[in-house]
Every structure is written in C-alpha cells, then in structure tokens.
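Colleague: I have a model open and some terms to check. Can you take me through them?
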Amino acid sequence: MKRAAALIFLLALALRLGVVAQLRDEPLFRTPQLDALEYVSWGTQMAGGDFTWPVAPIHAPGYPLLIALVLAITGKVSVLPIVQAILGSLAAVMTFAIGRRLFGPVAGVAAGVLHATYAPLILIDVSILAEGLFVFLLTATLLLVVKLPDLQRPTPALIAAGLLLGFSIIVRPTAAALIPLLAWYAVR
C-alpha cells in the first residue's frame with residue numbers, strides 16, 4: 001500500500017505542478033485579485049511582523065498565516081502555489097488512507113486517484129485561495145479520527161485531530177459545524 005500511496009502522491013503532484021507551469025504567466029494567476037489580493041496583503045503584513053487585523057476582515061486569519069509563513073521563509077509569493085500543490089498531493093494520499101481504512105483497498109485507491117485527478121480541486125490547490133489549505137486540514141483531521149481506536153481517555157491522535165480541526169476553523173470558521181460529528185465518531 002505504500003507503493004499505491006507514493007503513486008497517488010506523484011500523480012497528484014505532477015498534475016498540480018503542470019497546472020502551475022501552465023498558469024504561471026497568466027495575468028490573473030500572476031497578479032492576485034479580489035480575495036487573493038486580500039490574502040496576500042494580509043499575509044505580507046504578518047510576514048513583516050504586523051499582526052493587526054484589517055479594519056473589516058472578511059476572511060479568517062488562517063490562510064494569511066500560511067502566506068506569512070511562506071513569505072518569511074522564501075520571500076516570494078510565487079512559491080505559494082508549489083507549497084499548496086504539495087499540500088494538495090498529501091491530501092490525496094490521506095484520502096486514499098481514509099478510503100482504505102473505511103471501505104477497503106480498492107475504495108482507497110479509487111478515492112485517492114479521484115482526489116488526485118479532480119480538475120476543480122487541482123485548480124483550487126494551486127490558486128491563492130483558502131480552500132486548498134482547508135481541504136488539506138480537514139482531510140488530515142478526518143484521517144486521524146478514522147484511525148482512532150476505541151477511546152477511554154484522550155490520546156495524542158485525538159488531541160492532534162482536535163488541533164487540526166481548530167486550525168481548520170481558523171482557516172474557514174464553517175468547519176466548526178464538524179465538531180459534533182467528529183466528537184460522535186471519536187467516542188462511538
């Protein structure tokens with residue numbers, strides 16, 4: 001199964017990097033607009049050490065924090081789609097693992113390949129949009145939850161799942177709607 005996971009990762013990464021290569025010179029991809037501009041502006045502000053919120057923030061701070069981290073390490077916004085391509089590829093592998101755990105190896109491979117090749121998700125994964133990070137964080141949360149044994153007490157995996165769900169909420173507050181479902185699944 002490690003071979004299947006590696007192949008799914010490579011397929012997902014190749015497709016995502018191919019899209020980055022094709023779109024890198026397009027004006028809308030090269031110059032952030034609308035939401036992407038707000039994210040980059042806020043992330044640049046944070047990378048410079050200014051963590052004050054915009055006067056009227058219309059987005060949560062999680063994704064701008066990722067941008068700030070990438071800018072602090074590389075100094076270039078152009079690296080962000082590559083980082084997100086890697087996160088999207090890892091999400092495809094996690095989808096494979098979730099499918100395999102819940103429904104068997106064939107379902108796992110099918111789920112992983114569908115995640116890796118789904119065109120709208122590929123575009124989201126390499127665009128300056130919070131949804132790519134959101135999908136990655138939710139997939140990681142779900143993977144930890146489905147791997148949890150019967151719980152009698154908190155485990156590191158449960159704590160990690162809670163932290164990942166918290167990060168998901170910081171990226172998109174609508175993730176809070178999953179708290180009851182994940183709590184039910186964790187204590188079933």
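Modeller: Start with the largest nonpolar core. This is a predicted model, and that core has 31 residues. Tyr63, Leu66, Ile67, Leu80, Ile128, Leu133 and Phe136 have the most contacts inside it.

Colleague: What makes a set of residues a nonpolar core?

Modeller: The residues must be buried and of kinds such as Leu, Ile, Phe and Tyr, joined through side-chain atoms within 4.5 Å. Buried means under 20% relative accessible area. In soluble globular proteins, nonpolar side chains tend to be buried together.

Colleague: What is Ile67 in contact with, leaving aside its neighbours within four places in sequence?

Modeller: Ile67 is in contact with Tyr39, Val40, Gly43, Leu80 and Ile128. Another core, of seven residues, lies apart from the largest one. Among its residues are Ala5, Ile8, Ala92 and Ala116.

Colleague: Now α1 (residues 2–23) and α6 (residues 105–117). Why is α1 called roughly parallel to α6?

Modeller: Their axes come within 8 Å and cross at roughly 15°. Angles under 35 degrees count as roughly parallel. Therefore α1 is roughly parallel to α6. The crossing is right-handed.

Colleague: Which residues make the contact of α1 and α6?

Modeller: From α1 come Ala4, Ile8, Leu11, Ala12, Leu15 and Arg16. From α6 come Val109, Gly112, Val113, His115, Ala116 and Thr117.

Colleague: How do the residues of that contact divide into nonpolar, polar and charged?

Modeller: Eight are nonpolar, three polar and one charged. Arg counts as charged, and Gly as polar.

Note on methods
Residues numbered from 1 in each chain as written. Predicted model: local features only at pLDDT ≥ 70, side-chain atom pairs only at ≥ 80, totals over all residues. Heavy atoms only, no water. Buried < 20%, exposed > 50% of the residue type's maximum accessible area, 1.4 Å probe, protein only. Contact = heavy atoms within 4.5 Å. Axes fitted to C-alpha atoms, helices over the stretch in contact; angles between N-to-C directions. Helix = DSSP H or I, 4+ residues; strand = E, 2+ residues; numbered from the N terminus. Parallel < 35°, antiparallel > 145°, perpendicular 65-115°, else oblique. Left-handed = near helix turned anticlockwise from the far one by under 90°.
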